[in-house]
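Reader: Please take me through one part of this structure closely. I would like to look at its pockets.

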Amino acid sequence: MKARWIITAVSAALFFGGSLLTSLRDPWFQNLQRPNWLTFEFLIPFIWIFVWACATISAIIVWERSSKRSHPWYLMGIYAAIALLTSVYSPIVVEFRSLTGGLIVGGLATVLVYILAFLVKPISQKASWLFLPYALWGPIGTYLTWLLIQLNPGVS
């Protein structure tokens, strides 16, 4: 089986696994106060699909462009850590009712994206640029989670 299919399957499993564990459509989460400017909330799942697809393509490029003898397992580990942190955001926020936990995992995933984009640049500039959507959206999502904490005192 080609590595690209394995990477895609693992990525899809992590992406959909987080969604299957819980839903941000949970009444508790939906009843949280939101900032007035958040008029595009219905687009957020589509944004994440795009961000996730770009990160998956980046991982495939890095794997395929690396030496046959020294595949970058440590880089794949960082890709997996980002995917895992991203996919556990919803379960942490909804199931544990922890916006602070969501802030931590979202922020940590975003920081890892910046680090990984820097580390993969020597292997492939294209793979590094594919992190741009996450690098832009990650801080917005993290900031939004922080705002939810501010707008919903006592729910952290």
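Author: Here is a look at the pockets and what lines them. This is a predicted model, where local features need pLDDT of at least 70, side-chain atom pairs count only at pLDDT 80 or more, and totals for chains, interfaces and linings use all residues. Residues are numbered from 1 along each chain as its sequence is written, and side-chain values use heavy atoms, with hydrogens and water left out.

A pocket is an open set of points on a 1 Å grid over the protein atoms alone, where a 1.4 Å probe fits, with protein on both sides within 12 Å along at least five of seven lines. Lining residues have an atom within 4 Å of a point. A volume is the space filled by probe spheres set on the points.

The largest pocket has about 970 Å³ of volume. Its lining counts 35 residues, and Leu24, Ile44, Pro45, Trp48 and Ser90 are the closest to its centre. Helices are DSSP runs (H or I, at least four residues), numbered from the N terminus. Several supply at least two lining residues each, including H1 (3-21), H3 (44-65) and H6 (99-120). H8 gives the largest share, 8 residues. By class, this lining has 17 nonpolar, 15 polar and 3 charged residues. Asp, Glu, Lys and Arg count as charged; Ala, Val, Leu, Ile, Met, Phe, Trp, Tyr, Cys and Pro as nonpolar; the others, Gly among them, as polar.

The second largest pocket holds about 380 Å³. It is lined by 21 residues, with Ile7, Val10, Ala59, Tyr79 and Ala80 closest to its centre. H4 gives the most to this lining, 7 residues. The classes here are 18 nonpolar, 3 polar and no charged residues.
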